[in-house]
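Hi everyone, thanks for coming. I'd like to walk you through one model today, so let's get it up on the screen.

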Amino acid sequence: MNAKPGRLGVGIIGAGHVGPILGAALAGAGHAIVGISAISQTSLDRAEAILPLVPILTVPEVVERSELVIIAVPDAQLDDLVKGLAATNTWQPGQLVLHTSARYGTTVLAPAQAAGAIPLAIHPAMAFTGTSLDLARLSDSYFAVTAPGPVLPIGQALAVEMGGEPLIVAEADRASYAEAIQIATAFSTSIVEQATRLLTGIGLEHPGAILGPLLRSAMENALARTSPERLDLTGFDEIEQRQHPLDDDREIE
């Protein structure tokens, strides 16, 4: 790969559903993926499938070799991981450190920042499958970006390079943002599972195929009601009245 101006050596901590996908997206934008950490066999297989030929490294090795570190781990692990790497003097001055949690802003990265690293919080608002299907879906997604003012453009640029639309979320608003994401994800999953069980229980085959068009149209109508420009559409009241009786509605690890 020929290096381009501004291209970064990117390391990824975590080979769950999110990390390898974002790595592949950045590789597609010309950045070099220098390594990824993976422990379980499932994670190793996913890393190999999404990022073939990228070295599997320990977490300290990922940090030591990277200009941009992407931390894609569960929320419960994030704080201890950042603090642990600070305690071992692993973070490097001038290094970009990006986590993908919806819940946290950059405060959780304070130990890395104290060591001279540049903190970024970037969360893609989509439900990941951990497969190549996600790469195409990134282009339809918004990325919540939280960062100190001087480096906010860097976070926005990275979101664009990964294929998404950057959305600035203030540090103080991350908890509310995360709650909205959790509600939308959990509710939609629960509705699909309950409806699927009911249809299967009455002997209908392929419940997913039956529910798909209904759920998509119901979601589109619900989203339209949140958009001011759509509220003036002719006939919208009639559509709303027809949909009201069926008003049952809807990730990263």
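I'll go through the sheet and then the cores.

Quick housekeeping: this is a predicted model, where local features need pLDDT of at least 70, side-chain atom pairs count only at pLDDT 80 or more, and totals for chains, interfaces and linings use all residues. Residues are numbered from 1 along each chain as its sequence is written, and side-chain values use heavy atoms, with hydrogens and water left out.

Okay, the sheet. It's open, with 7 strands running β2-β1-β3-β4-β5-β6-β7 and mixed pairing. Strands here are DSSP E runs of at least two residues, helices are H or I runs of at least four, both numbered from the N terminus, and two strands pair if DSSP finds at least two bridges between them. At the edges sit β2 (32-37) and β7 (165-168), each pairing on one side only.

Now look at β3 (68-71) and β4 (96-99): they're parallel, over 4 bridges, and L68 has L96 as its bridge partner. Helix α4 (75-87) packs on the sheet, touching β1 (9-13), β3 and β4; contact means heavy atoms within 4.5 Å.

So who else does L68 touch? Skipping neighbours within four places in sequence, L68 contacts L8, G9, V10, G11, L26, L96, L98 and L158.

L68 also turns up in the largest nonpolar core, 35 residues, among those with the most contacts inside it, as do V10 and L158. A core is a set of buried Ala, Val, Leu, Ile, Met, Phe, Trp, Tyr and Cys residues joined through side-chain atoms within 4.5 Å, buried being under 20% relative accessible area with a 1.4 Å probe, protein chains only. Helix α1 (19-28) gives this core its largest share, 5 residues. Apart from it there's another core of 16 residues, including W91 and V108.

Notes. Buried < 20%, exposed > 50% of the residue type's maximum accessible area, 1.4 Å probe, protein only. Axes fitted to C-alpha atoms, helices over the stretch in contact; angles between N-to-C directions.
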